[in-house]
Amino acid sequence: MKQKELVLVTGGAGFIGSHLVDALIAHGYRVRVLDNLSPPTHNSKLPDWFNKKAEFIKGDVSLKKDWHGALIGVDYVFHLAAYMDYHLDFSKYFVTNVSSTALLYETIVEYKLVVKKIIIASSQSIYGEGKYVCGKHGVFYASPRTESQLRKHLWDIRCPRDNKLAKALPQEETDQLHPQIPYAIAKAAAEQLGLTLGSTYWIPTVVLRYSIVQGSRQSFRHFYSGALRDFCVRALNRLPIVMQEDGQQKRDFVNIHDVTDAHLLVLQNKNTDYQVFNLGSGIETRVIELAKMVCEVAGTTFTPEMREEFRINSPHNAIMNIDKFKALGWKPKRSLENSVREYATWVRNYPEALRFWRKTYKNMRKENILK
Ligand SMILES: NC(=O)c1ccc[n+]([C@@H]2O[C@H](COP(=O)([O-])OP(=O)(O)OC[C@H]3O[C@@H](n4cnc5c(N)ncnc54)[C@H](O)[C@@H]3O)[C@@H](O)[C@H]2O)c1
């Protein structure tokens, strides 16, 4: 009988990784996970949702010795382990996210390992504020809004030539990259590194730029893990929903199961080799609409507080064009409501989410990330 193919998932104990592990096992692959169970995602213990059929290696992707052990006999690699959020130890983004990518290829090349494909997890954040269009002057790449603009509550992006309101355009894979935070700069470097080394050493490599992925198991311990966690924890605990900026920011939210479906397709489709794909829903949602939906699901009245809080270097709009992925035959099937319901049901089982949320909110203020 033919031996089942072996897939290595780094970061496979985390949110996206653990769902991917489940999907791979369900589709008949053998799965090995390399994860250091690091905080803030974990408290050093393997989470209770981790699939018992997967082999687990506790190791660090920034250490070559850990890569070597994990890569033996592997057919495919999903490199998802990463340092995330808005922390002040900037160098760690490069050690964990960029150096690890170099070590992955270095180990394969040095030990002449035969890996059929590497899929690298990247992020929409590398586009920065992205492209806008002005009715009179056409398309332009917007600069990040300055702190003084934001302090004056000038949230919108305007044409630099006539100061008229400009319209956000969905980001495309061929767009210029303007990452604005260390995490995003490291992600842009990691994907460039992977694609370059992949094509140099004939290791098929694919980059997936995720928008905002939503669903169960999304860490409630992260420093900043997004609007869904914030709104859900507040709504379920009958706390007021506080909007950042004016709540009109546009985002692309994609369901975790649509994301895992897309990963399975990429694994076996040779047309994806050496390519970059946006992986989102392709739907523009205003943050205030997400908040409203969370309140509906939680059964609370929606009375948002507009305190004009903001985060430095967070784009006003981040929307995605997913036509390239759709041309492969994949399309998102789950609604935003599906994602909100799944997350809310899951987080209800973790009363400690409120304590972590309070701590991160306080820290974000203390470290001047949330103003
Ligand atoms: N969640 C999203 O919306 C989103 C959006 C864009 C990109 N991404 C990317 O997707 C990937 C997975 O994100 P997630 O949301 O599942 O995060 P997560 O925090 O839930 O999972 C990350 C996993 O990586 C592990 N890890 C961290 N540092 C490690 C190291 N040095 N060695 C080994 N393991 C390590 C953690 O222990 C954790 O299990 C990341 O690369 C992230 O940048 C996620």
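**Charge, fold and one arginine in a predicted model**

Visitor: How far apart do the centres of the positive and negative side chains lie in the protein?
Guide: The model is a predicted one, and in it the protein carries 51 positive and 38 negative side chains.

Visitor: What radius of gyration does the protein have, and what does the globule rule give?
Guide: The chain contains 11 helices and 17 strands. Its radius of gyration is close to what the globule rule gives for 371 residues, so the protein is as compact as a globular protein of that length. Along the principal axes, the C-alpha trace spans about 60 × 50 × 40 Å. The two values asked for are 20 Å for the protein and 21 Å from the rule.

Visitor: What share of the contacts with a separation of 6 or more joins residues 24 or more positions apart?
Guide: As background, 57% of the 371 residues count as buried, while the protein exposes about 16,400 Å², of which carbon and sulfur atoms supply 53%. Among contacts with a separation of 6 or more, the share that comes from residues 24 or more positions apart is 81%.

Visitor: Is Arg234 buried or exposed?
Guide: Arg234 belongs to helix α6, which covers residues 227-236. Leaving aside residues up to four places away in sequence, Arg234 touches Leu239, Pro240, Ile241, Val242, Trp357 and Tyr361. Its relative accessible area is 4%, and because the cut-off for burial is under 20%, Arg234 is classed as buried.

Conventions. Residues numbered from 1 in each chain as written. Predicted model: local features only at pLDDT ≥ 70, side-chain atom pairs only at ≥ 80, totals over all residues. Heavy atoms only, no water. Helix = DSSP H or I, 4+ residues; strand = E, 2+ residues; numbered from the N terminus. Rg over C-alpha atoms; globule rule 2.2 N^0.38 Å. Buried < 20%, exposed > 50% of the residue type's maximum accessible area, 1.4 Å probe, protein only. Contact = heavy atoms within 4.5 Å. Areas by Shrake-Rupley, 256 points an atom, 1.4 Å probe, with all protein chains shown as cover. Lys, Arg positive; Asp, Glu negative; His and termini not counted. Charge placed at Lys NZ, Arg CZ, Asp CG, Glu CD.
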